[in-house]
Amino acid sequence: MIEIRPDSKSYLRVKEQLELLALDRKTRQRILKRIGAYTVKTTRRNIRAQRDPDGHVWKKRRKGRGKMLRGFTKKLKHFQKNSNKDLYIGWPSARGNVAYQHHCGIEQKSGLSARKRQARKHKEPDKNSPATREQAKALRDLDFRFQPQGRQKRGKRPTMKWIRENMKVGEAAKTIQALENRTPARDWKIERPQRRLIGISPRRVSMLIKRELNRSK
């Protein structure tokens, strides 16, 4: 969750600030509710437009053309704490952690254990399952061959059908790594550019507060 706090640069006059301090709990609740609803609405609009609260376009994906955080327009909530003095806006679930990491540009730590969890989540085949079509194609592209037999100088290339019927996912993965002459890293970091999601300008906050103060008179 992301907390909205008063900005040091206030656009309220002294008289209005004193009025705000003297408000009863019910009025404070109504004002924060207005600010929360407005922020949620503009945040959803900004996510669809792929931009931050200041109107700057987010950095795009490294690969692919898909939009970032598309599902984050849903389940965005706002609520109040501390006797309706503090306003919180965000996603009250694991999605909130992902949003916070994008909002602050925090690096994503990954490794083999994380990759295994991801595979289970997406129901990917385990190492003892038959080799996939993608693996078979990769082995063919890497010129994978049988060991030479008799007078053969080079072994024959197996068909994709043979690879899928006779090799396991784990075996195929190791063979591909060997042919590419690379070793998988056990731990690595993925850079994540900052993509600010939630925010509201002090001027806009003051406008909403003034409007509600006028309604209370």
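Three aromatic pairs, 3 in the whole structure, were found by the search. Rings of Phe, Tyr and Trp (its six-membered ring) pair if their centres lie within 6.5 Å; planes under 30 degrees apart count as stacked, over 60 as edge-to-face and the rest as tilted. The Phe79–Tyr88 pair is stacked, because the ring centres are 5.7 Å apart and the planes meet at 10°. Tyr88 is buried, at 18% relative accessible area. Phe79 is partly exposed, at 30%. Here buried means under 20% relative accessible area, exposed over 50%, and partly exposed in between (1.4 Å probe, protein chains only). Phe146 and Trp162 form an edge-to-face pair, with centres 4.8 Å apart and planes at 85°. Phe146 sits in the loop between helix H5 (133-141) and helix H6 (160-166), and Trp162 sits in H6, so the pair ties together parts 16 residues apart in sequence. Phe146 is partly exposed at 32% relative accessibility. Trp162 is also partly exposed, at 32%.

The model is predicted: local features need pLDDT of at least 70, side-chain atom pairs count only at pLDDT 80 or more, and totals for chains, interfaces and linings use all residues. Residues are numbered from 1 along each chain as its sequence is written, and side-chain values use heavy atoms, with hydrogens and water left out.

Charged side chains also lie over rings. Lys81 is placed over the face of Tyr88, 5.2 Å from the ring centre. Arg95 lies over the face of Phe72, at 5.2 Å from the ring centre. The criterion is NZ of Lys or CZ of Arg within 6 Å of the ring centre and within 35 degrees of the ring normal. Val98 belongs to helix H3 (residues 94-104). Its relative accessibility is 32%, so Val98 counts as partly exposed.

The chain contains 8 helices and 5 strands. Their order from the N terminus is β-α-α-β-β-α-β-α-α-α-α-β-α. Helices (H or I, at least four residues) and strands (E, at least two) are DSSP runs, numbered from the N terminus. Buried residues account for 31% of the 217 residues. Of the contacts with a separation of 6 or more, 71% join residues 24 or more positions apart. Contact means heavy atoms within 4.5 Å.

Gln135, Ala136 and Leu139 are its buried residues. Asp143 follows H5 and has a positive phi, near 65°.

The largest nonpolar core holds 22 residues, of which Ile35, Trp91 and Leu197 touch the most other members. Such a core is a set of buried Ala, Val, Leu, Ile, Met, Phe, Trp, Tyr and Cys residues joined through side-chain atoms within 4.5 Å. Helix H2 (25-49), strand E3 (86-90) and helix H8 (202-216) each give two or more residues to this core. H2 supplies the largest share, 5 residues. Beyond neighbours within four places in sequence, Ile35 contacts Leu87, Ile200, Val205, Leu208 and Ile209. A second, separate core of 8 residues includes Leu139, Met167, Ala172 and Ile176.
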